[in-house]
Amino acid sequence: MPPERADDDVEAGDLADVPRPRESARLVGHAAAEAAFAGAIASGRLHHAWLIGGAQGIGKATLAYRVARHLLANPGPGAAPASLDVDPAHPVARKVAALSHPNLVALRRHRQPGSKALPTKIGVDAARKALDLFGSTAGNAGYRICIVDSAEDLNANSANALLKMVEEPPPRSLFLIVSHAPGRLLPTIRSRCRALALRPLSEAQVTEVVSGFPGPFRAPDPGALARAAALAEGSVARAVQMLDPATAGLVAEVEALLAGIERPDWRRILALAETLAGREAEALFEASLDTVFRFVSAELDRRRAEPPARLAALVEVCDKTARAAREAATYNLDRRPLVLSLFGDLAGAVRAA
C-alpha cells in the first residue's frame, strides 16, 4: 500500500490512489531497458548521465527509481544483477519512497509548504538546492543520484544549472533524466547523456499494471479497463485518467464533436471551451488534445492514398495546436481561444482535404 499522503503533499503527475513511481516496486514491459542498466552496473563503467525518453506514463520514472533503489541498496561492486528488484521492506526502499535517503535527490515539480498551487516550472533555486547533494561525499562509498522528473519542467536557468553539473560530474555521480520529449532538451545536455528510449506499453501490459495497483485504488470494471487501455496509447497514466467518469464523458463529447467536424456545433464547442478553461481542468484539457490528435492520426491513415499536399493542413493544425498548448501552459493563458481556434482550423482542414 502506498504511504499515506498529507493533503498538501502534491506533485506533478499525481493520480488519485495510484502509487508514485518511487513507491512502485514493480516494472512492466521494459526488460531490455532494465537489462541495459544491469549490464552497465556489472561492467563497473556505468555512464554518469542517462536520458530516459518516451511517452508520458509508460514507466520511465519507475525505471529510474528502480535503478536508484538498486544502487543505493547495493553500494559495493558485485556480479551482474539478475534484476534490479529490491524488497519493498528494505530500509533503502522505504527511504527512497519517502525521498529521505541522503544520497538521493529528486528534481521535480511539487507544491511547496504554504503554497496553493504547483509551480509551472522547476526554478533555478530548486535546482541549485537539489544539486548541492553533489558537493558532499556519498556515504558507504556509494553513488550520489539525481532523478529529474521531468526535463520538460526545467526552465532555462535550471536546465543550465543541471548542465554545469552533468558537464563536470563528481566521482560516482549518477543523473537519471526522465524526458517525455528528448528532442526538446538542450542539445548540450543530450550530448552528455546515454540515451535510452522506452516504447509505449501494449494494451495487455497497461491492463496488467492497472490491475495490479494496491488499495485504496479501486479495481475497475473489466469493460471500462479494456476501453481505457485501448485508448491509452501505451500509457498507464492515460489509462487511469480514462477510467475517471468525468474524463471518459469529456472524451466521448470530444469524439462526438469531431464526428461532425465538417459542420461544427459551436454551441457545444463553446460549452467545451468553458469546461476546459479552469486551472483545475488541465488533465481534461490534455485528454481532449489526445482525442483530437488520435482523430487526426486516424484521418491521415484513412486518406493515406491521397496526395500529401491535401493532407498537409491536418498536420499543420496539430503542430499549431501543440505549440499553442505549450505556450498556454508556460504563460498560464486562457485556453478558451485555443479550443475555439482548434475546432475552427480542424473544420477547415477536414473540408480542404
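A cavity here is a set of grid points where a 1.4 Å probe fits but cannot get out. With that in hand, here are the close-ups, all taken from a predicted model.

**Figure 1**
How many cavities of 30 Å³ or more does the count come to? The count comes to one, and the space in this largest cavity is about 50 Å³. Its lining is made up of Val 254, Leu 272, Leu 276, Phe 285, Ser 288, Leu 289, Val 292, Leu 338, Val 339, Leu 342 and Phe 343. Helix H12 (282-302) and helix H14 (336-352) are the elements that give two or more residues to this lining. By residue class, the lining of the largest cavity has ten nonpolar residues, one polar and no charged.

**Figure 1. The second largest pocket.**
Now for an open space: the second largest pocket holds about 340 Å³. Among the residues that line this pocket are Leu 99, Val 105, Arg 108, His 110, Gln 112, Lys 129 and Leu 133. Two or more lining residues come from each of E2 and H4, and E2 gives the most, with five residues. The lining of this pocket divides into eight nonpolar, two polar and two charged residues.

**Figure 2. The largest nonpolar core.**
In soluble globular proteins, nonpolar side chains tend to be buried together. In this model the largest nonpolar core has 34 residues. Which residues have the most contacts inside it? They are Phe 37, Leu 46, Leu 63, Ile 145, Leu 174 and Leu 176. The elements giving two or more residues to the core include helix H1 (31-43), strand E1 (49-53), helix H3 (91-98) and strand E2 (104-108), along with E3 and E4. Helix H2 (60-73) is also one of these elements, and the largest share of the core, nine residues, comes from H2.

**Figure 3. Aromatic pairs.**
A search of the whole structure turns up three aromatic pairs, and two of them are described here. In the pair of Phe 134 and Phe 175, the ring centres are 4.7 Å apart and the planes lie at 25 degrees, so this pair is stacked. Phe 134 belongs to the loop between helix H4 (124-131) and strand E3 (144-149), while Phe 175 belongs to strand E4 (residues 173-179), so the pair ties together parts that are 41 residues apart in sequence. Both of these residues, Phe 134 and Phe 175, are buried. For Phe 213 and Phe 217, the ring centres are 5.2 Å apart and the planes lie at 80 degrees, so this pair is edge-to-face. Phe 213 and Phe 217 are buried too.

The charged end of Arg 172 sits over the ring of Tyr 143, at 4.4 Å from the ring centre. Gly 142 is found in the loop between H4 and E3. Is Gly 142 buried or exposed? Its relative accessibility is 7%, so Gly 142 counts as buried. Gly 142 and Leu 72 are 70 residues apart in sequence, yet their C-alpha atoms are 6.9 Å apart in space.

**Figure 4. Ala 33 in helix H1.**
Ala 33 has its place in helix H1. With a relative accessibility of 7%, under the 20% cut-off, Ala 33 counts as buried. Between the C-alpha atoms of Ala 33 and Ala 256 there are 39 Å, and the two residues are 223 residues apart along the chain.

How values were computed. Residues numbered from 1 in each chain as written. Heavy atoms only, no water. Phe/Tyr/Trp six-rings, centres within 6.5 Å; stacked < 30°, edge-to-face > 60°. Helix = DSSP H or I, 4+ residues; strand = E, 2+ residues; numbered from the N terminus. Buried < 20%, exposed > 50% of the residue type's maximum accessible area, 1.4 Å probe, protein only. Lys NZ or Arg CZ within 6 Å of the ring centre and 35° of its normal. 1 Å grid on protein atoms, 1.4 Å probe; cavity = no way out; pocket = protein on both sides within 12 Å on 5 of 7 lines; lining within 4 Å. Points joined across faces, edges and corners; volume = space filled by probe spheres on them. Nonpolar A, V, L, I, M, F, W, Y, C, P; charged D, E, K, R; others polar. Core = buried A, V, L, I, M, F, W, Y, C linked by side-chain atoms within 4.5 Å.
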